[in-house]
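Please consult the sequence and the model while reading.

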Amino acid sequence: MAGENATGILDARVIESALAAAHRAASLVRGTTSPNPPVGAAIVTETGEILGVGATEPPGGRHAEIVALDYVGTAARGAHVVVTLEPCNHQGRTGPCSQALIDAGVASVLYLHADPNAIASGGAQRLREAGIAVSHLADLAAPDDELGPWLRATAMGRVHVTAKFAQSLDGFSAASDGTSQWITGVPARQRVHQDRSTRDAIVIGTGTALADNPSLTARYIDGNGETAYYDSQPRRVVIGSADLSGCSNLQRLGFHQFADIPSALTALWEDGCRDVLVEGGPRLLSSFFASGYVDAVQAYIAPLLLGRGRSVLAAALGPGLADGSRFELTSVEKLDDDLLLTMLPS
């Protein structure tokens with residue numbers, strides 16, 4: 001049995017099933033909850049029957065545990081709660097989840113990640129003091145689950161930045177004549193739009209804005225072949241001082257413009273953002289890497305050789321290998337002929 005003190009509370013297979021349900025619920029609300037975390041909770045019986053599942057509502061709404069408790073009602077008494085984040089112990093716009101679980105009479109609480117927020121943490125201890133069995137499932141935690149960006153942002157005290165780019169096998173984001181549409185295929189581009197819908201903001205530079213006139217929306221093709229939009233749309237952010245009055249799509253949809261990276265990240269944090277995606281060109285990506293603001297990388301790799309062209313980065317990060325940014329591969333996703341590599345700093 002993985003997880004501290006988990007033995008004797010629930011069977012490993014029950015925990016695995018409940019945790020999978022909690023993850024699914026949390027993944028569906030990612031991009032809608034900031035500055036709160038996208039948490040999932042499942043209430044189960046000792047035999048593994050899932051009584052109810054909940055996920056964090058938009059700011060001001062219920063936390064995941066409360067959603068699940070409200071759904072289950074009195075059946076929660078004597079049941080077990082598996083949640084992706086330690087229940088909060090804080091009175092904010094909503095009451096502390098730890099107290100709600102105590103009042104509901106649950107038998108045990110098993111949580112995946114400890115809460116790094118000093119204001120809200122302490123729920124596990126409060127539950128133990130009330131006589132509820134508590135287990136921290138630390139061994140089952142993955143760094144790239146739906147809570148990863150929020151956890152790292154909270155620990156850093158600034159927004160979590162994922163740098164995203166598409167490239168050929170030999171490291172070029174565009175051909176020597178400047179063409180870049182399309183390096184990757186349709187499934188990879190669909191994956192980008194789905195990912196956008198889970199982010200708080202998309203960040204580009206003024207060069208990309210002026211060259212591409214992008215919309216920076218999260219969209220897909222519906223069953224009728226028409227363009228549709230995800231319910232959750234990220235903020236559109238442009239960094240740089242150039243005049244963008246000619247960017248008709250951004251002007252129509254609305255956007256935020258900042259002169260430099262630090263001011264953008266500060267403003268986004270203060271506005272409640274925790275998880276942002278940088279889709280800028282080589283110059284902006286180089287600036288983010290050189291400034292040490294890249295916390296994760298998404299690299300879409302196409303089975304294409306160009307020989308020469310425009311590099312993913314506009315400038316080298318240093319003259320030697322030791323000066324580069326090294327990352328640890330956390331997942332590989334095959335998208336038809338393309339690959340999506342997700343990486344965290346090593």
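R274 lies over the face of W269, at 3.5 Å from the ring centre. A charge sits over a ring if NZ of Lys or CZ of Arg is within 6 Å of the ring centre and within 35 degrees of the ring normal. The charged end of R189 is likewise placed over the ring of W182. The table lists both contacts.

| Charged residue | Ring | Distance to ring centre |
|---|---|---|
| R274 | W269 | 3.5 Å |
| R189 | W182 | 4.3 Å |

The model is predicted: local features need pLDDT of at least 70, side-chain atom pairs count only at pLDDT 80 or more, and totals for chains, interfaces and linings use all residues. Residues are numbered from 1 along each chain as its sequence is written, and side-chain values use heavy atoms, with hydrogens and water left out.

The whole structure contains 2 aromatic pairs (ring centres within 6.5 Å). In one of them, the rings of F289 and F327 have centres 6.2 Å apart and planes at 85°, so this pair is edge-to-face (over 60 degrees). F289 belongs to helix α10 and F327 to strand β16, 38 residues apart, so the pair links distant parts of the chain. F289 has 11% relative accessibility and therefore counts as buried (under 20%).

Helix α6 (residues 186-196) also has buried residues: A188, V192, H193, D195 and R196. Seen down the helix axis, the buried residues of α6 fall within an arc of 160°, so they line one face. The arc is that of the directions from the axis to the C-beta atoms.

Technical notes: Buried < 20%, exposed > 50% of the residue type's maximum accessible area, 1.4 Å probe, protein only. Helix = DSSP H or I, 4+ residues; strand = E, 2+ residues; numbered from the N terminus. Phe/Tyr/Trp six-rings, centres within 6.5 Å; stacked < 30°, edge-to-face > 60°.
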